[in-house]
Amino acid sequence: MPAQSSPPRTDGRPGGRSARVRAAVHQAVKDLLTDEAGDAMTIPVIAARAGVHATTVYRRWGSVAELLADVATSRFSGDIVVPDTGSLREDLERYAYDLAKDLSDPDTLALVRAIVGTGGEGAGVCRMERQRQLEAIIEREQARGNQVPTVERAIEALLAPLYYRAVFTDQALSPEWARTLVSHLLPE
């Protein structure tokens with residue numbers, strides 16, 4: 001008598017356990033970054049907050065720095081829309097304003113500061129996403145046949161001061177100040 005196989009399951013687990021673990025661990029990191037209690041950012045503390053075993057976190061991420069890089073990748077990928085107003089100056093002003101607004105968010109700022117503090121690859125993840133956004137703006141303007149600054153110059157004029165002010169000072173990231181960065185990059 002031939003064996004009967006059961007019909008394929010159609011009620012599969014969306015995302016599954018792996019996705020749930022990742023989401024719980026990411027949330028635990030975010031909670032720890034904004035927690036007033038000041039718990040240390042360690043794998044055992046993160047795992048306990050997430051309700052998973054520490055070996056699960058070690059096996060998947062290996063270190064706090066690698067975990068922060070994953071959280072940064074999740075957080076910073078595609079979070080800022082690259083503007084297209086038809087004017088390089090206006091695109092860069094809007095981009096600088098949006099980035100200043102994002103960096104003024106306490107949760108974002110806590111994540112950026114933690115990433116900088118670990119010295120791990122998280123800073124590179126954040127930098128690369130921002131660099132790709134600037135490249136898109138500059139390449140589009142260049143395709144229009146206009147003169148453009150180099151991406152490196154735009155990074156030095158826009159990203160460096162924005163991140164420095166956000167991470168290392170208590171000075172506000174106002175829209176007016178962000179616009180002055182663009183005027184230094186693109187003098188009239």
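Biologist: Which helices are included in what covers the buried residues of helix 3?
Modeller: Happy to start there, with the reminder that this is a predicted model. The buried residues of helix 3 are A54, T56, V57 and W61. Their cover includes helix 1 (16–34), helix 2 and helix 4 (64–76).

Biologist: How wide is the arc that holds the buried residues of helix 3, seen down its axis?
Modeller: Helix 3 buries A54, T56, V57 and W61. These residues line one face of the helix, because they fall within an arc of 160°.

Biologist: Which residue follows helix 3, and what is its phi?
Modeller: Helix 3 covers residues 54–61. Next comes G62, with a positive phi near 85°.

Biologist: At what angle do helix 2 and helix 3 cross?
Modeller: Two packed helices are described by the angle between their axes and the distance between the axes. Helix 2 (residues 43–50) passes helix 3 in a right-handed crossing. Their axes come within 8 Å, and the crossing angle is roughly 115°.

Biologist: What span does helix 5 reach from its first C-alpha to its last?
Modeller: Helix 5 takes in residues 88–104, which is 17 residues. At 1.5 Å a residue, 24 Å would be expected, and helix 5 comes close to that, reaching 24 Å.

Biologist: How large an arc do the buried residues of helix 5 cover?
Modeller: The buried residues of helix 5 are L88, D91, L92, Y95, A96, L99, A100, D102 and L103. They lie on the same side of helix 5, because they cover an arc of only 160°.

Biologist: How far apart are the C-alpha atoms of R179 and Y97?
Modeller: R179 sits in helix 9 (residues 175–185). Its relative accessible area is 36%, which means that R179 is partly exposed. R179 and Y97 are 82 residues apart along the chain, yet the separation of their C-alpha atoms is 7.2 Å.

Biologist: Stepping back, what share of the residues of the protein counts as buried?
Modeller: Among contacts with a separation of 6 or more, 65% come from residues 24 or more positions apart. Of its 188 residues, the share that counts as buried is 39%.

Methods: Residues are numbered from 1 along each chain as its sequence is written. This is a predicted model: local features need pLDDT of at least 70, side-chain atom pairs count only at pLDDT 80 or more; totals for chains, interfaces and linings use all residues. Side-chain values use heavy atoms; hydrogens and water are left out. Helices (H or I, at least four residues) and strands (E, at least two) are DSSP runs, numbered from the N terminus. The expected span of a helix is 1.5 Å times one less than its number of residues. Buried means under 20% relative accessible area, exposed over 50%, partly exposed in between (1.4 Å probe, protein chains only). The arc is that of the directions from the helix axis to the C-beta atoms. Axes are lines fitted to C-alpha atoms, for helices over the stretch in contact, and angles run from 0 to 180 degrees between N-to-C directions. A crossing is left-handed if the near helix is turned anticlockwise from the far one by less than a right angle, and right-handed if clockwise. Contact means heavy atoms within 4.5 Å.
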